[in-house]
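Please open the structure in a viewer and keep the selection tool at hand.

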Amino acid sequence: MIAPSPLPKLAEPKTTEMPQARHYKLLIDGQWTEGSGGEEIAVHSPITGEILGYYPKASQEDVDRAVKAARRAFEKWCLTPPFERAAMVHRMADAIERNLEKLARLESLENGKPYQSEAIPCVQETAENFRIAAEDIKRLESPIIPSRDGHKRILTFYRPYGVWTVITPWNFPTLIPSEPIAPGLASGNVIIFKPSEYTPLTGIALVEALLEADIPPDIIQCIPGEGPTVGDWLVAHDGVDAIAFVGSDRTGRMIASRAGLKHTLLEMGGNGPTIILDDADLEKAAELTAFGCFYDAGQVCCATERILVHKKAHRDFVDLITEEAKKIVLGDPFDENVTMGPLCNEMTALKMERHIEDAVKKGAKLIYGGKRASGFPTNLYFEPTVIDQVPEDALIQYEESFGPLAAITVAADDDELIRLANMDRYGLQMGLFTSSLHRAFYFIERLRTGNLVINDNTDYWEPHVPFGGAGGTVSGHGRIGGKYTMLDMVYLNTVVIDFMNVKK
Ligand code: NAD
């Protein structure tokens, strides 16, 4: 076993130069406005702690104006021919690509993720989501259904729900908003977008880019703000027809209860394990699993946190993944040698500390990392952490840690691995490493999860592929991913026509 090592590899401390703090605005009824509240909220960068910019504190009156404007905009937008909407959505993708560096830079500054290796690809995929939606709407076919009455014909049409409130988290501040916004707009819905209070400026900058695409400026409204005020006012507003929410299961439950009979698309957290079988290529498994644990500092819904290892592979795997953790270079996200930046916020750092302390108290062995790193401009740089022999009753086994953590549990055989894996109450994403197709299918048919990645890391996704939780779990309902999201954002309208009951 590798001896505990107190420090991860640190890049030379280097301070990113902050842009001049700008005063951002709300977008209501096609106009950028300071809102009616008269107050502003400052946004700090997790990289240096400095103020990045300000945005207006929206009032309930601002929310009400935005909803009314959205309702008016919907009347026209839903009648705009789908191919015209598709052309505009392609232009939105062009505009995002033109603003690639600006958006990625702001995303790194607000969220803390490495600029070149993570923020740039995220913004590229944001543009791709708009391209996919622009093509999907052109092929959204609905069935003609045979009638039992020979005088009738039955047609169906996909109709947009209307005004959608889109509420998103801070971990992917351009990509996740694009997942419902792109198919929503393409299918004739209008959007009121509330970005996370931790990354509001990236959210506003994304909407600024969209408006460069020569679109009706009122089909999207942008009102950042706190969840319990602005978010809740939007969810409960009578003028809102549907809600797309991506965030924690705690907030998702609140939204579900406040939304009443409105249509909802809820994508919540995950704590799905990666299973390592004794016949796997262990070196490859350790390398890929470490990516799943440490990409975006583990702040991903489908990040690898719990690792369940077959007892015959346990010793070697712990050594190998610890070696991988040691390769992580923690530091300034704008330094190209850096592979992991700071956590986005204090709440996430506190949760990591609570989970590690709890696991160690209950008998787990801390192998590597385990605390905030010193010598950085903020207290948010967290060491990549490896813990072994995590007991079944540790919080890590039940709650999402959402930080740079590899938490290993050893199991005696395949059935015990399945039992431990299915303790996961989220059921969002799991991973499996094996060289045997036969064994893979044994697991495929027994694991309760919405998504399963075999022989790659749990962060592997493609934007057109359906992603969401297993039924009956707490990770929500509906699907994110290309046309599967579009199908959640439209309803089927049936039209029965009798061609005999007409004047001859
Ligand atoms: P969060 O639930 O705290 O906040 C998400 C959003 O909800 C924010 O915009 C917030 O302002 C808003 N909000 C909070 N309270 C609200 C309320 N009462 N009414 C209306 N809106 C409210 O989550 P977070 O910390 O921003 O994000 C991290 C979570 O997101 C993790 O659990 C992660 O797994 C999840 N996530 C899921 C997916 C997925 O596709 N399943 C993707 C990314 C992140």
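A polar contact is a pair of N or O atoms within 3.5 Å; within protein, one atom must be able to donate a hydrogen and the other to accept it, and residues adjacent in sequence count only if both atoms are side-chain atoms. By this rule, seven residue pairs are in polar contact between domain 1 and domain 2, both residues being at pLDDT 80 or more.

The model is a predicted one, in which local features need pLDDT of at least 70 and side-chain atom pairs count only at pLDDT 80 or more, while totals for chains, interfaces and linings use all residues. Residues are numbered from 1 along each chain as its sequence is written, and side-chain values use heavy atoms, with hydrogens and water left out.

Select residues 17-268 + 479-490 as domain 1 and 274-464 as domain 2; such bounds come from an automatic or database domain assignment. The C-alpha centres of the two domains are 31 Å apart.

Next, display the interface. Here 33 residues of domain 1 are in contact (heavy atoms within 4.5 Å) with 31 residues of domain 2. The buried area, meaning the accessible area (1.4 Å probe) that two parts lose on being put together, summed over both, is about 2500 Å², and carbon and sulfur atoms give 59% of this. Now select Pro46, Ile47 and Trp170, which supply 23% of the area that domain 1 buries against domain 2, more than any other three residues.

Then select Asp249 and Arg425, which form a salt bridge (a side-chain nitrogen of Lys or Arg within 4 Å of a carboxyl oxygen of Asp or Glu); their closest N and O atoms are 3.6 Å apart.

Finally, centre the view on the ligand. Of the 30 residues around the ligand (a heavy atom within 4 Å), Glu197, Ser248, Thr251, Met268 and Glu400 come nearest. Select Trp170 again: a polar atom of its side chain lies 3.0 Å from a ligand oxygen. For Lys194, a side-chain N or O atom is 2.9 Å from an oxygen atom of the ligand. At Gly247, a backbone N or O atom lies 3.4 Å from a ligand oxygen.
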